[in-house]
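Please try each task with the coordinates open before reading its solution.

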Amino acid sequence: METHRPRGRGVTIEDVARAAGVSRQTVSNALNAPYRLKAETLERVTALIEELGYRPDQSARSLRSGTRRIIAYPTPEDDPTNPNPLMGGFLEAIVAAAGEAGYHILLVRPHPGQDQTRALEELIAARTVDGFLLSDVLHDDPRVAYLAGRGFPFAAFGRTASEHPQNWVDVDTVQAMIDLVGLLAAAGHRRIAFLASSSRLPWMDHRRDGFQAGVRRHGLRGQEISAPGDDPGEIVAATRELLGGRARPTAVVAAGDWLALGVYAAARAEGLSIGTDLAVAGFNDLPVTAFLQPALTTVRLPLRQIAGALVTRLLKTVEDGVTPQAGLLLPGELVVRASSGG
């Protein structure tokens, strides 16, 4: 005799458990803590959840757990006509990581003229979110200071000051730069220049520190210039002056891929062949770098690893009340292409 399984709205967690031949707790784990189940069990239970059309009551789940299952992400300001592809990739990564844990991402931004911390305060007062994920974190970041003072859960992409919770994840930029300089040294380069950004953001300082450490480690002759601003013409002009000097470097490491584009233009204006007369490397692995001629050697950020670690750390605080005592450094990935030559 055929057994008719309930479908759709009247389906309960007990119906799913009976159909799968598991306990109610196992179904709950499949929804809320999938990492606790064996892959085979998780696959069977989730397939039946979809087949039967079971949808848990979110309000009941929130009352039982004390959480809304919503993480707020204050989004950095960006230019919609020239968006930052790196942060777009990071957003995709945190949405995916949160979704795997059964949480949603709420994008927030202060109203025009509103203080950043005021926007956070409104969400906390309304009990809308369980915690915050922060990016573009500065040493004196007011968001970090506010959330730490309130004792409200957060995790940061970027290092927080020592007096604040060390619930952060970052890329080991210093080591990535040391590796990049080492790659050029191994190819025989002895005079290497660093094209720095005009901004003094923490991650840019780390890239400069890594370049200097790499030069010292390999006994190279290093020099530095700073781009006067973000104007492409100024970047090209400053780089042309560097390349037109008597002690021209044979390799240039740019603090960011967008600066490396200026090096390409300057080198060609000086009649130099990239990858042959001049090695060039960047940082971030923006999508355009693979299509340059020649393709750019650079450092790729492990965005999915970063997002996964951030969500895991934040939920450890939200669900278990545990705040990590030390931050987490993840290695960057050296992407070697033709621009660095031999």
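**Exercise 1. Which residues does Asn 284 touch, leaving out those up to four places away in sequence, and is Asn 284 buried or exposed?**

Solution. Bear in mind throughout that the model is a predicted one. Once residues up to four places away in sequence are set aside, the contacts of Asn 284 are Leu 86, Arg 207, Asp 257, Thr 298, Val 299, Arg 300 and Leu 301. As for its place in the chain, Asn 284 belongs to the loop that runs between strand E9 (279-281) and strand E10 (298-300). The relative accessible area of Asn 284 is 10%, and since the cut-off for a buried residue is under 20%, Asn 284 counts as buried.

**Exercise 2. Classify the packing of helix H1 against helix H3, and describe the contact by residue class.**

Solution. Begin with the geometry: H1 (residues 13-20) and H3 (residues 39-52) pack at an angle of about 125°, and their axes are 10 Å apart. Angles from 65 to 115 degrees would be roughly perpendicular and those over 145 roughly antiparallel, and the two helices are therefore oblique to each other. The handedness of their crossing is right-handed. Next, list the partners: from H1, Asp 15, Val 16, Ala 19 and Ala 20 meet Arg 44, Val 45, Leu 48, Ile 49 and Leu 52 of H3. Sorted by class, this contact holds seven nonpolar and two charged residues, with no polar ones.

**Exercise 3. Carry out the analysis again for helix H10 and helix H11.**

Solution. H10 (residues 232-243) packs with H11 (residues 257-269) at an angle of about 55°, the axes being 8 Å apart, which makes H10 oblique to H11. Their crossing, too, is right-handed. On the H10 side the contact is formed by Ile 235, Val 236, Thr 239, Arg 240 and Leu 243, while H11 contributes Trp 258, Leu 259, Gly 262, Val 263, Ala 265, Ala 266, Ala 267 and Ala 269. The class count gives ten nonpolar, two polar and one charged residues.

**Exercise 4. How are the rings of Phe 90 and Phe 157 arranged?**

Solution. A search of the whole structure returns four aromatic pairs. In the pair of Phe 90 and Phe 157, the ring centres are 5.0 Å apart and the planes stand at 40°, so the pair is tilted. Because Phe 90 lies in helix H5 (residues 85-100) and Phe 157 in strand E4 (residues 154-157), the pair ties together parts 67 residues apart in sequence.

Notes: Residues numbered from 1 in each chain as written. Predicted model: local features only at pLDDT ≥ 70, side-chain atom pairs only at ≥ 80, totals over all residues. Heavy atoms only, no water. Axes fitted to C-alpha atoms, helices over the stretch in contact; angles between N-to-C directions. Helix = DSSP H or I, 4+ residues; strand = E, 2+ residues; numbered from the N terminus. Parallel < 35°, antiparallel > 145°, perpendicular 65-115°, else oblique. Left-handed = near helix turned anticlockwise from the far one by under 90°. Contact = heavy atoms within 4.5 Å. Nonpolar A, V, L, I, M, F, W, Y, C, P; charged D, E, K, R; others polar. Buried < 20%, exposed > 50% of the residue type's maximum accessible area, 1.4 Å probe, protein only. Phe/Tyr/Trp six-rings, centres within 6.5 Å; stacked < 30°, edge-to-face > 60°.
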